[in-house]
Amino acid sequence: MPKPDVGQTALPFGMGRSYGDACLNPGGALWLTRGADHWLNFDAVNGLLSCQAGALLADIQRLLIPRGWMLPVTPGTQFVTVGGAIANDVHGKNHHVAGSFGHHVRSLSLQRTDGRTIICGPEYEAEWFRATVGGLGLTGLITQATLQLRRVAGPWLDTETIAFDSLARFHTLAAESDAHWEYTVSWIDCLDKRGRGLFMRGNHCATGSPVPAKEPKKSGLAMPFTPPLSLVNAISLRPFNALYYQAHKLRTERTVSHYKPFFYPLDGIADWNRMYGPRGFYQYQCVVPFEGGESSIEAILAQIAESRQGSFLAVLKTFGNQPSLGLLSFPRPGITLALDFPNQGDRTLRLFERLDAIVSETGGRIYPAKDARMPASLFQSGYPEWTKIQPFRDPGISSAMSRRLLGS
């Protein structure tokens, strides 16, 4: 592990898929971890994989699903390193069943800039483990980890899509689905104050594919250039959302789906982020507790609709009651909403301030992995254990986010 120069800090960097500044270190150094992607051991009987932290989730899925094993938790993109998944304690569409990524890490190795190596897990050096899972890379460089995988019969899912026309109907569907469906998630029309959308749910097929189904081919879709202005705007957004909702409303159905388009819909479109133009985009993802959460989500959607800002990519889902392991882990029992917003400068930031006020009043929090502008006060109120991570921080590691939220 190369030490940063005197007076300089460094930061582990995997695939750089955090949408904000969690993986940026202006004025400092980055340790590029992607080259450290070797698998160290795989127990094919018990589903235990030991690998270096630069290993990609995509490679784990591609190589082990044919052997009957799969990651129990995976985020909305498979192009994430194991180290990044741990450092951000990523979650998936099945939090109510499986919790977050950290719940399936059996041990990890942490390299400190003072030369120490710390081996920790949920049952030994547990305080180091709690600080590192969701710790945004600030406790040291994760060099390797052992993951517990889950058995699957194959890559196929039994899925169903149901249109809903109100937030009340969404909550009913979510409550009904939690007991019988492992994966649940919704697309929502962020400009519709009623909260209409499409509720998607899925279970692993018990014996592979029950009907003839082909693995999806690479779509070849790509955003070939960055347009001079965002293609996501007030002119395009409302008609697109209306057409998308109506088209899927007319053909909601139960079908067999391959895991890739169900788990990772955006991975099929290369460079999709270019559609937001040269100024890029912000993502705003919050979670609010169940108590008062329904009215908070309604208020957030009302603010977004009034602002005429928003995105094609709006996701609404619920988290289960399983407590997170990490001191700074994002998931908590409640309702989470994630949206992309074209960067319109002060206009967008003023909208976020109004959304922050709703989240804060409800006792919610913002997801650091998706954030680039959360005020320190909202972070510290949303993560009441934030002071407990300070004794575990590596003084040689820093980031733009840590300086913004933690003051160093």
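**Labels and their cut-offs**

Mentor: Start with P155, which sits in the loop between β9 (150–151) and β10 (156–164). Helices and strands here are DSSP runs numbered from the N terminus (helix: H or I, at least four residues; strand: E, at least two). The model is predicted, so local features need pLDDT of at least 70 and side-chain atom pairs pLDDT 80 or more, while totals for chains, interfaces and linings use all residues. Residues are numbered from 1 along each chain as its sequence is written, and side-chain values use heavy atoms, with hydrogens and water left out.

Trainee: Why is P155 called partly exposed?

Mentor: Its relative accessible area is 21%. Buried means under 20%, exposed over 50%, and partly exposed is in between, with a 1.4 Å probe and protein chains only. That value falls in between, so P155 is partly exposed.

Trainee: What does P155 touch, leaving out residues up to four places away in sequence?

Mentor: I65, S257, H258 and Y259, where contact means heavy atoms within 4.5 Å. P155 and R62 are 93 residues apart in sequence, and their C-alpha atoms are 9.5 Å apart in space.

Trainee: G83 is in helix α2 (residues 82–87). Is G83 buried or exposed, and how do you know?

Mentor: Its relative accessibility is 12%, so G83 counts as buried.

Trainee: How do you know that the length of α8 agrees with what a helix should span?

Mentor: The expected span is 1.5 Å times one less than the number of residues. For the 15 residues of α8 (293–307) that gives 21 Å, and the end C-alpha atoms are 21 Å apart, so the two agree. Just past the end of α8, R308 has a positive phi of about 60 degrees.

Trainee: Which residues of α8 are buried?

Mentor: G293, S296, I297, I300, L301, I304, A305 and S307. As background, an α-helix has 3.6 residues a turn, so residues three or four places apart point the same way.

Trainee: What makes α8 and α9 roughly antiparallel?

Mentor: The axes of α8 and α9 (residues 346–362) come within 10 Å and cross at roughly 170 degrees. Axes are lines fitted to C-alpha atoms, for helices over the stretch in contact, and angles run from 0 to 180 degrees between N-to-C directions. Over 145 degrees counts as roughly antiparallel (under 35 is roughly parallel, 65 to 115 roughly perpendicular, the rest oblique), so this pair is roughly antiparallel. Among the residues making the contact are A299 and I304 of α8 and L355 and I358 of α9.

Trainee: Why are β3 and β7 called edge strands?

Mentor: They belong to an open sheet of 5 strands in the order β3-β4-β8-β6-β7, paired antiparallel. Two strands pair if DSSP finds at least two bridges between them. β3 (39–43) and β7 (117–120) each have a single partner strand, so one side of each is left without a neighbour in the sheet.

Trainee: What makes β4 and β8 count as a pair?

Mentor: 5 bridges join β4 (residues 48–52) to β8 (residues 141–148), which meets the cut-off of at least two. C51 stands opposite A145 in β8. Helix α1 (residues 57–64) packs on this sheet, touching β3, β4 and β8, and its direction makes about 40 degrees with that of β3.
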